[in-house]
Amino acid sequence: MEEIKSGVFAALDMIKCLIIVYGVFGFKIRKKKKVLWCVPVAVLGVIGHIYAKDDAVFVDMLTQCLIVLFLFKTSIRTKIKISMLQFILMSSLDMLIWLIIVGITPLRKDYKTNELIVEVISNVIVIIIWILISAALKNKSNNIKNKLEKIKVKEFIFFTTGLFSVILVVSGIQGQFWHEMTPQIQRAIMILGVFVVVFLFVVLILFAYVSDSKEKLQYINQLNEQCIKYQKDYYMEIIKFDEEMRAFRHDVNKHYEVLLMLIYEKDWNRAKKYISQLSNKKDVGRVFKTGNTIADYIINGKTKEIKNQGNVELNVIGTFPQNMQIEDTDLCIVLGNALDNAGEALEKVKGVKQLNIDIGSYKQSLFLEITNSAMEIETKNFKTTKKDKINHGYGLENIKYVVFKYNGKVTTEYENGCFSLKIEL
């Protein structure tokens with residue numbers, strides 16, 4: 001009977017592990033044969049938990065770590081981090097619920113007799129809580145996943161150390177139940193334990209919030225600096241375009257005279273060549289205007305970088321509506337990341353390349369479609385080719401974050417050698 005009880009609780013811990021990593025953290029399950037290794041690992045983990053006795057905690061931690069390694073898609077380093085974090089979070093909540101049940105219910109009076117009931121109730125409550133948390137964080141799971149993948153070592157150590165302290169405190173309280181204590185002392189310990197656990201949870205949540213806010217502010221500051229650069233480049237392009245147009249107008253009469261002479265002499269080839277040269281000269285300082293100043297800064301700045309690749313056909317069609325609900329920084333995130341991704345994909349394409357930006361609106365909705373030439377592998381994996389893979393590769397996720405903030409939609413498709421990103425806000 002004791003072995004069956006121990007095995008069931010070990011299996012419940014594995015279920016909680018999966019709920020936390022998949023539902024709360026937002027990591028996706030792999031679609032490979034390695035996933036099948038989770039079955040024997042889980043079976044061996046249950047058996048190990050039954051016979052390990054004093055080392056059962058270590059066996060549980062190792063089993064859950066192996067399940068995460070085989071089952072989920074991310075880097076090895078991230079898998080190790082989330083394995084440790086989920087185990088500490090799960091243990092902390094388990095102990096918190098145990099404290100509350102034992103502290104406020106009549107089951108504390110004869111704990112040794114009611115131990116199985118307490119364990120069953122606490123496990124059921126904990127599983128329900130994790131399911132509710134995963135449902136509440138459904139739309140934010142990608143952000144949590146990105147945060148965990150990019151979290152710094154110092155922050156991770158601080159966070160896990162705080163949670164581990166919670167476990168140590170509550171473990172000490174649990175140990176007291178195996179010794180003689182008066183009901184008054186038991187109640188005092190329960191109240192103190194609950195207070196310590198709740199206090200540490202609040203501190204850790206505040207730390208996570210401050211750390212995330214700091215990262216967002218740094219990101220917004222970086223975007224503002226980028227927008228200022230685009231603004232400067234945009235004004236320089238306008239000045240250059242204006243100077244070229246003035247020079248062209250100044251010389252236009254002379255050009256007409258030359259063309260009339262060539263036509264009069266019926267030198268059609270030289271006339272065509274001369275007109276072609278005039279057309280190229282006029283198109284040098286092309287500036288895109290979309291009806292939105294921020295969008296103009298970004299589009300002209302990014303397309304200038306993309307044009308330097310050579311053999312790129314650029315088209316910008318449509319204008320932004322005058323009264324848009326989207327904030328300037330969010331517009332910068334959407335356009336900046338979308339055009340960064342497009343530029344990165346175009347670098348991989350040989351020959352003539354295309355980049356089309358279509359802007360439209362209907363009533364209060366904004367429609368944006370960015371289509372670029374791309375290799376098919378780029379659109380399937382959505383992986384960055386930049387050297388700094390930790391700080392890059394999240395462009396599409398950042399776009400989705402902004403779009404979902406305004407209850408919009410993002411769709412992607414690949415067809416006939418072109419990748420399309422469609423956004424509705």
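Author: The model is a predicted one. Helix α11 covers residues 328–347. Its length can be checked: at 1.5 Å a residue, the 20 residues should span 28 Å, and the end C-alpha atoms are 28 Å apart, so the two agree.

The relative accessible area of Asn 372 is 3%, and because buried means under 20%, Asn 372 counts as buried.

For the setting, the protein chain has 13 helices and five strands. Of its 425 residues, 41% count as buried. When contacts between residues at least 6 apart in sequence are taken, 74% of them join residues at least 24 apart.

A residue elsewhere in the chain gives another case. Val 124 is found in helix α5 (residues 111–136). Its relative accessible area is 44%, which lies between the 20% and 50% cut-offs, so Val 124 is partly exposed. Val 124 and Leu 12 are 112 residues apart in sequence, yet their C-alpha atoms are 9.0 Å apart in space.

A pair of helices can also be described. Two packed helices are described by the angle between their axes and the distance between the axes. The axes of helix α3 (residues 56–71) and helix α4 (residues 76–104) come within 9 Å and cross at roughly 135°. The crossing of α3 past α4 is right-handed. From α3, the contact is made by Val 57, Asp 60, Met 61, Gln 64, Cys 65, Val 68 and Leu 69. From α4, the residues are Ile 76, Lys 79, Ile 82, Ser 83, Gln 86, Phe 87 and Met 90. The residues of this contact divide into nine nonpolar, three polar and two charged. As for the spacing along a helix, an α-helix has 3.6 residues a turn, so residues three or four places apart point the same way.

Note on methods: Residues are numbered from 1 along each chain as its sequence is written. This is a predicted model: local features need pLDDT of at least 70, side-chain atom pairs count only at pLDDT 80 or more; totals for chains, interfaces and linings use all residues. Side-chain values use heavy atoms; hydrogens and water are left out. Helices (H or I, at least four residues) and strands (E, at least two) are DSSP runs, numbered from the N terminus. The expected span of a helix is 1.5 Å times one less than its number of residues. Axes are lines fitted to C-alpha atoms, for helices over the stretch in contact, and angles run from 0 to 180 degrees between N-to-C directions. A crossing is left-handed if the near helix is turned anticlockwise from the far one by less than a right angle, and right-handed if clockwise. Contact means heavy atoms within 4.5 Å. Ala, Val, Leu, Ile, Met, Phe, Trp, Tyr, Cys and Pro count as nonpolar, Asp, Glu, Lys and Arg as charged, and the others, Gly among them, as polar. Buried means under 20% relative accessible area, exposed over 50%, partly exposed in between (1.4 Å probe, protein chains only).
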